[in-house]
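The following note was prepared for a colleague who has the coordinates open.

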Amino acid sequence: MAGLTMNRRDNDLQRIFTRRALLLGSVQLALFGTLAGRLYYLQVIESDKYQLLAEENRINMRLLPPRRGRILDRNGVELASNRRNYRVLIVAEQTPNVDATLEALSKLINVDDVQRQRVKREIERRRKFVPVMVAENLSWEDFAKVNLHSLDLPGVQLDVGETRDYPFGETFSHVIGYVGAVSEAELGDDPLLELPGFRIGKSGIERIYDEKLRGRAGHSQIEVNAFGRAIRELARHEGQPGDDVVLTIDSELQRVAMERFGDESGAAVVMDIHTGDVLALVSNPGFDPNWFNVGITSAQWRQLNTDKFKPLINKAVQGTYPPGSTFKMLVGMAALEAGTMSPDTRVFCPGHMEFGNNRFHCWKKGGHGSMNLVSAIEESCDVYFYEAAKRTGVDKIAEMARRLGLGAPTEIDQTGERRGLIPTREWKRGALGQPWHPGENLVTGIGQGYVLATPLQLCVMVSRLANHGYAVTPRLVRPDGALGPEPDPRPASQRWPKLDIRRDHLDLALEGMIRVTTPPRGTAQRARITLAEYAMAGKTGSSQVRRISKAERDTRVRKNEEKPWEERDHALFVAYAPVHAPRYACAVIVEHGGGGSTAAAPIARDIMLEVQKRDPSRKPREVPGVTTAARQRRDPENGG
């Protein structure tokens, strides 16, 4: 009985043990199954993901800056390109003494205290194995000198990269602009902008076409260790270089025009009156854009900002000046259109005009006598245009001015273009809170008072006159990127909208401009071009920068050369050529140059002669009875 009981107890214990073992085994099986499933999931299903993460820990992707596109003139001459940038770097962990290495390096190349402090700051901020730039844009001679002594310069590395180069210096400084380091405000979505040392366009064509010139980044796969130190390059994919930009500018004409100004401050613009191509856009003096690319010094910056000629301002599109007598053609046409004057209307000029309690003077003290529109343009008679403006009113004059391109931006591809100012009665009431006074019409009639225009706008005005009233607009970049002569021979009449200006009114203005450069009375007769095939028509202008007081007129008005430079009149001249078949227009201003006939007209003559001579199809011949010596004589200052 006792044995039976013990067997039963053993069987119960056996069953309990078996159940517990089964339960434990099930749990273990479940755990191992879950672990195996997880391992399968991680190593098989998710293998690509974790392989990528592992690769990212082992491989660094580094952006490679693309080669910046070139800027070319219309004939393919490089105005902005890229050159080798010879640099010296230092790796802190590879030199026992950074100060000693920099001191030894300074005996070979220029490493001043400012550079040394910058290098030390960079070393402190970065890991010790990361190279830090010491100097860049070295000459080949200096680069070779450091290379020769490299064994004695522990930690120093030599590197060859690329940097922007402007071979013409200040000749194209305003047109092309320059590149510079990216500021925090300029950081955008493009990761290129975060690359150390990457440069973007800051002004001019470089800025407006920056994205086109910039290109697309490449990348390099670098194997690194756990500390991030580069071991080797695994793969390299070069980026897409930026596109070239072809300008309408003729670099040789631009050079000639720039040199012609010499030490004078001013601007000149030359346009094709049919296509709108800007062949020269000069602002003198300029600056060296390479200064900004390599890093302008405080002394250079101070020099540019304290120069009274303001070299940083693009006077061709940012300089606004009273147009003076170059404004008179459109005043005459406004009077003709309004019916307040006719081609036969004559005005007697005694040298002044009385209006209310004021006397408005003509530039010619003794007067011009009886004048009509053509002779008044020829001799630049102020009294005739006082009368025309008095009868016509400022609003009618403003309508004509706007049609001819004044008072609004031309939308040319330049940064900071000014719109100028063409006043109206409504403008004065809104801007100044004052009514328009009748006497202000007279001042407006000779291009003074509130009237302001840029040299580019004046060139557009003359272009629209010379092409017989078609709304040509200036362009600085060739849309098709083609090099060489303009492939589209169509005239302005087949390219641009027709302006609402009568042809006979235009012909009278053009006839007056032809007579300006014609003896015996033309105000610019001695600045004329004596070669008939190149003959130039134009209009002189002088704009006052200060009012002449009554006391001065009662005693003696000082000549321009007797005044301080900043008190002298601005000298202007606008022109078109050749007279028999107009093709080119030009506007020149010489700041504080005095008379337009003596300062601006000779510059315009030489520029217009050059632009035509560069057309090989022309065969010049002398004007009968006019010698080259006579052409080269300069006339005395004779106003307007």
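1. At what angle do helix α3 and helix α4 pack, and how far apart are their axes? In this predicted model, α3 (residues 98-106) and α4 (residues 113-125) pack at an angle of about 145 degrees, and their axes lie 11 Å apart. The crossing of the two helices is right-handed.

2. The contact itself can be listed by residue. From α3, Val98, Asp99, Leu102, Glu103 and Ser106 take part; they meet Arg116, Val119, Lys120 and Ile123 of α4. Sorted by class, the contact of α3 with α4 has four nonpolar, four charged and one polar residues.

3. Next comes a sheet. Five strands, in the order β12-β11-β19-β18-β17, form an open sheet with antiparallel pairing. Its edge strands are β12 (278-284) and β17 (537-543), each of which pairs on one side only. From one strand to the next, the twist averages 5 degrees.

4. Strand β11 (residues 266-272) pairs with β12 in the antiparallel sense over six bridges. Ala268 stands opposite Val282 in β12.

5. Some totals place these elements in context. The chain has 23 helices and 19 strands. Of its 640 residues, 49% count as buried. Among contacts between residues at least 6 apart in sequence, 74% join residues at least 24 apart.

6. The accessible surface of the chain comes to about 31,500 Å². Carbon and sulfur atoms account for 51% of that surface.

Notes:
Residues are numbered from 1 along each chain as its sequence is written. This is a predicted model: local features need pLDDT of at least 70, side-chain atom pairs count only at pLDDT 80 or more; totals for chains, interfaces and linings use all residues. Side-chain values use heavy atoms; hydrogens and water are left out. Axes are lines fitted to C-alpha atoms, for helices over the stretch in contact, and angles run from 0 to 180 degrees between N-to-C directions. Helices (H or I, at least four residues) and strands (E, at least two) are DSSP runs, numbered from the N terminus. A crossing is left-handed if the near helix is turned anticlockwise from the far one by less than a right angle, and right-handed if clockwise. Contact means heavy atoms within 4.5 Å. Ala, Val, Leu, Ile, Met, Phe, Trp, Tyr, Cys and Pro count as nonpolar, Asp, Glu, Lys and Arg as charged, and the others, Gly among them, as polar. Two strands pair if DSSP finds at least two bridges between them. Buried means under 20% relative accessible area, exposed over 50%, partly exposed in between (1.4 Å probe, protein chains only). Accessible areas come from the Shrake-Rupley method with a 1.4 Å probe; for residues, only the protein chains shown count as cover.
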